[in-house]
Amino acid sequence: MRDKLLGKKAITLNDVAKISQVSHQTVSRVINNSPHVSPATRKKVLKVIEDLGYRPNRIAQQLVTGKGTTVGIIGLGSGYYGPSQMISSIEKALRERDYGYVFASIESPSLAAMAEAMALLERHPIAALILINPLLDNSENLQQLTQNLPCVMVDTRSSGHPSVSFDQAYGSRLATEHLIHLGHRHICEISGPLHWYDAFERHQAWLTTMKEAGLEAGPSFASDWSAQGGYESALKLLKTKINFSGLVVGNDQMALGAMRALDEAGLRVPEDISVIGFDDVPEAAYFKPPLTTIRQDFSLLGQKSAGLVLELLEGENVERESYLIYPELRVRSSTAPHKP
């Protein structure tokens, strides 16, 4: 068998599988350096690959197996820092594994918008889908969209698919507890739009953390993730004339706008008001003052998402798996101990 194959013009993945006496999925795992292969099997397959001079070619593999090697990505909110970083990381991970990808951006979570995006993706031989949809209350739409396709859900509640997301409640608790530990007792909030999963989870955790500390929360104003929105929400907060010394803000861009409004009102950060953001965008360390924030590793989120979808394509049993990534506190100069 080996001699006959060596006489062929092109050696395929299936040829390697036959000689190695393993499945083509196992050969794929070896090629893609999956940890789900025993050392003995890996050594055997690599020896056959070397003997045959096999060079993986995704296009040729698609013709042999009849399976596509292109991953579809549908993203909502791709114009924001987090989703854009995440998508960039997913694309990089897929390229490194020699998988193609096609991306469709949507502005609405409606079934019509998703169906339009899916129609665009289906012009290509899509083998699996990564769906980035951070909005609440769209599980029915998601089920209809993904029922016949291997899918990984990102940054949203799982709908029966493998999923990867940040523990938003944990991050919000870190932010609020940081201010409480600094002695702040009157802490307000500027949240993101509450129909977003991230913003809703953070807001609820802020309320819970304040209650558990025996403190009255609020008020809270929801905004749109932008610096302008943070500025306008801070103006609304100041108009209430409520005395507060701590401000939890739903992302760094809104925190930037909020600090501008505080400065215009003659309030100093952190001497008068301690401000903490969320995300840790690259510019946060260069705000004036440098912003204390909750870091979310969007590159890791993208890598995990791509890893899960590749495991699905390689036949791994990950249907019920979900990964939570825990944010981290980054303390800078925008927060300080409260001075009554």
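# Chat on a predicted model

Me: What share of the residues in the protein is buried?
Reply: Buried residues make up 51% of the 340 residues. Keep in mind that this is a predicted model.

Me: How many helices and strands?
Reply: The protein has 13 helices and 12 strands.

Me: And what share of the contacts comes from residues 24 or more positions apart?
Reply: Such pairs account for 70% of the contacts with a separation of 6 or more.

Me: Let's do helix packing. At what angle do α9 and α10 pack?
Reply: The angle is about 40 degrees, and the axes are 8 Å apart. Helix α9 covers residues 168-181 and helix α10 covers residues 197-212.

Me: Why call them oblique?
Reply: Roughly parallel needs an angle under 35 degrees, and roughly perpendicular starts at 65. The angle here is about 40 degrees. The two helices are therefore oblique to each other.

Me: Left-handed or right-handed crossing?
Reply: Right-handed, as α9 passes α10.

Me: Which residues make the contact?
Reply: From α9: Q168, A169, S172, R173, T176, E177 and I180. From α10: D198, E201, R202, A205, W206, T208, T209, M210 and E212.

Me: What does Q168 touch?
Reply: Not counting residues up to four places away in sequence, Q168 touches D155, D198, E201, R202, F278 and Q296. D198, E201 and R202 are also on the α10 side of the helix contact.

Me: New topic, the largest nonpolar core. Which residues touch the most other members?
Reply: I190, F244, L247, V249, V275 and L291 do. That core holds 24 residues.

Me: Which elements each supply at least two residues of this core?
Reply: β6 (187-191), α11 (227-239), β8 (246-249) and α12 (252-264) do.

Me: Which gives the most?
Reply: α12, with six residues.

Me: Zoom in on L247. What is in contact with it?
Reply: Leaving aside neighbours within four places in sequence, L247 has a set of contacts that includes I187, C188, E189 and I190. I273, S274, V275 and I276 are in contact with L247 too.

Me: What about P290? Where does it lie?
Reply: P290 is in the loop between β9 (274-276) and β10 (293-295). P290 counts as partly exposed, because its relative accessibility is 26%.

Me: What is in contact with P290?
Reply: A284, A285, R332, S333 and S334, leaving aside neighbours within four places in sequence. Also, the C-alpha atoms of P290 and T335 are separated by 9.4 Å. P290 and T335 are 45 residues apart along the chain.

Me: Now P134. Buried or exposed?
Reply: P134 is buried, with a relative accessible area of 1%. It lies in the loop between β3 (126-132) and α8 (139-146).

Me: How are the C-alpha atoms of P134 and W196 separated?
Reply: By 5.7 Å, with the two residues 62 apart along the chain.

Me: Last, backbone. What is the phi of W225?
Reply: Positive, about 80 degrees, although W225 is not a glycine. W225 lies in the loop between β7 and α11. At 7% relative accessibility, W225 counts as buried.

Me: And the phi of K241?
Reply: Also positive, about 65 degrees, and K241 is not a glycine. K241 is in the loop between α11 and β8.

Me: Is K241 buried or exposed, and why?
Reply: K241 is exposed, because its relative accessible area is 73% and exposed means over 50%.

Definitions and conventions:
Residues are numbered from 1 along each chain as its sequence is written. This is a predicted model: local features need pLDDT of at least 70, side-chain atom pairs count only at pLDDT 80 or more; totals for chains, interfaces and linings use all residues. Side-chain values use heavy atoms; hydrogens and water are left out. Axes are lines fitted to C-alpha atoms, for helices over the stretch in contact, and angles run from 0 to 180 degrees between N-to-C directions. Helices (H or I, at least four residues) and strands (E, at least two) are DSSP runs, numbered from the N terminus. Angles under 35 degrees count as roughly parallel, over 145 as roughly antiparallel, 65 to 115 as roughly perpendicular and the rest as oblique. A crossing is left-handed if the near helix is turned anticlockwise from the far one by less than a right angle, and right-handed if clockwise. Contact means heavy atoms within 4.5 Å. A nonpolar core is a set of buried Ala, Val, Leu, Ile, Met, Phe, Trp, Tyr and Cys residues joined through side-chain atoms within 4.5 Å. Buried means under 20% relative accessible area, exposed over 50%, partly exposed in between (1.4 Å probe, protein chains only).
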